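Please read it alongside the sequence and the structure shown here.

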Amino acid sequence: MSFIGDSIRNYCVNYFNFKGRTGRAEYWTVTLILVVVSVLLNSLSSSLQTLFNLLTIIPNMAMVMRRANDSNLSKVVVVLYYVFSFMGVILILVSLPAVAAVTTFSHGLSSTSTGVYTVISLIFISFFTIVSTIIAIILWLIIACRKTREIPFSTKDSAAHFATDFTTDSSMDSNSDSTADRYNVKR
């Protein structure tokens, strides 16, 4: 199977798996495919896109957590990413009544003092929405783009250990359990 097929299969199989690892290539492949599907669904119907996004929230969280595990990041970074992401959404939803009030104020149906406070609160909410979105994007970039951690070899399999065993000929004796016999190396 191709790399893209394997990436999608791993994404679907690990729907609720928050442990393990996801490499950068697999993460970006799945992310690109999800964005393309989301844009295509949005062109058909925004309700289809919303349904798709709701269905992929949990596997996306799991994939981001596995990506953070792979890049040796703390789970706190992932939690902060989602807190700031959802904070931006919540602030936008909270600001919708303020937008409606500003629209009402601009048509002259509200008092002047209420309209000024509504505009100030709308600016305040917009500022914090932008800040929380910027913080979420920075945290997302840290999670997604950080280099994969390298797993150290065990001492027995390490090339350095292998090389140091053969650097001194005086340490090798003729018994059958020597390093050369263990690694099937001819002397």
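## Helix packing and aromatic contacts

Helices α2 and α4 run roughly antiparallel to each other, because their axes cross at roughly 155° and an angle over 145 degrees counts as roughly antiparallel. The model is a predicted one. The protein has 8 helices and 0 strands.

**Overall architecture**

- Read from the N terminus, the order of elements is α-α-α-α-α-α-α-α.
- The protein comprises 187 residues, of which 28% count as buried.
- Where contacting residues of the protein are at least 6 apart in sequence, 64% of the contacts join residues at least 24 apart.

**Packing of α2 against α4**

- Helix α2 covers residues 24–44 and helix α4 covers residues 57–70; their axes come within 10 Å.
- The crossing in which α2 passes α4 is left-handed.
- On the α2 side, the contact is made by Arg-24, Tyr-27, Val-30, Thr-31 and Leu-34.
- These residues meet Asn-60, Met-63, Val-64, Arg-67 and Asp-70 on the α4 side.
- Sorted by class, the contact of α2 with α4 contains 5 nonpolar, 2 polar and 3 charged residues.

**Packing of α2 against α3**

- Helix α3, residues 46–55, packs with α2 at an angle of about 150°, and the two axes are 6 Å apart.
- The angle therefore makes α2 roughly antiparallel to α3, given that the term applies over 145 degrees.
- From α2, the residues in this contact are Leu-34, Val-37, Ser-38, Leu-41, Asn-42 and Leu-44.
- From α3, their partners are Ser-46, Leu-48, Gln-49, Phe-52 and Asn-53.
- The contact of α2 with α3 has 6 nonpolar and 5 polar residues, and no charged residues.
- Leu-34 of α2 takes part in the contact with α4 and also in the contact with α3.

**Aromatic pairs**

- The structure contains 5 aromatic pairs.
- One of them joins Trp-28 and Trp-140 in an edge-to-face arrangement, with 5.3 Å from centre to centre and 75° between the planes.
- Trp-28 belongs to helix α2 and Trp-140 to helix α6 (residues 112–145), so this pair ties together parts that are 112 residues apart in sequence.
- Trp-28 counts as partly exposed because its relative accessibility is 31%, a value between the cut-offs of 20% and 50%.
- Trp-140, at 23% relative accessibility, likewise counts as partly exposed.
- Another edge-to-face pair is formed by Tyr-81 and Tyr-82, whose centres are 4.8 Å apart and whose planes are at 65°.
- Tyr-81 and Tyr-82 are both buried.
- Tyr-27, Trp-28 and Trp-140 make up one aromatic cluster.
- Within that cluster, Tyr-27 is also among the α2 residues that meet α4.

**Backbone feature at Asn-72**

- Asn-72 is not a glycine, yet its phi is positive, at about 60°.
- The residue Asn-72 is placed in the loop between α4 and α5, the latter being residues 75–106.
- Asn-72 is classed as exposed because its relative accessible area is 52%, and the class begins over 50%.

How values were computed:
Residues numbered from 1 in each chain as written. Predicted model: local features only at pLDDT ≥ 70, side-chain atom pairs only at ≥ 80, totals over all residues. Heavy atoms only, no water. Axes fitted to C-alpha atoms, helices over the stretch in contact; angles between N-to-C directions. Helix = DSSP H or I, 4+ residues; strand = E, 2+ residues; numbered from the N terminus. Parallel < 35°, antiparallel > 145°, perpendicular 65-115°, else oblique. Left-handed = near helix turned anticlockwise from the far one by under 90°. Contact = heavy atoms within 4.5 Å. Nonpolar A, V, L, I, M, F, W, Y, C, P; charged D, E, K, R; others polar. Buried < 20%, exposed > 50% of the residue type's maximum accessible area, 1.4 Å probe, protein only. Phe/Tyr/Trp six-rings, centres within 6.5 Å; stacked < 30°, edge-to-face > 60°.
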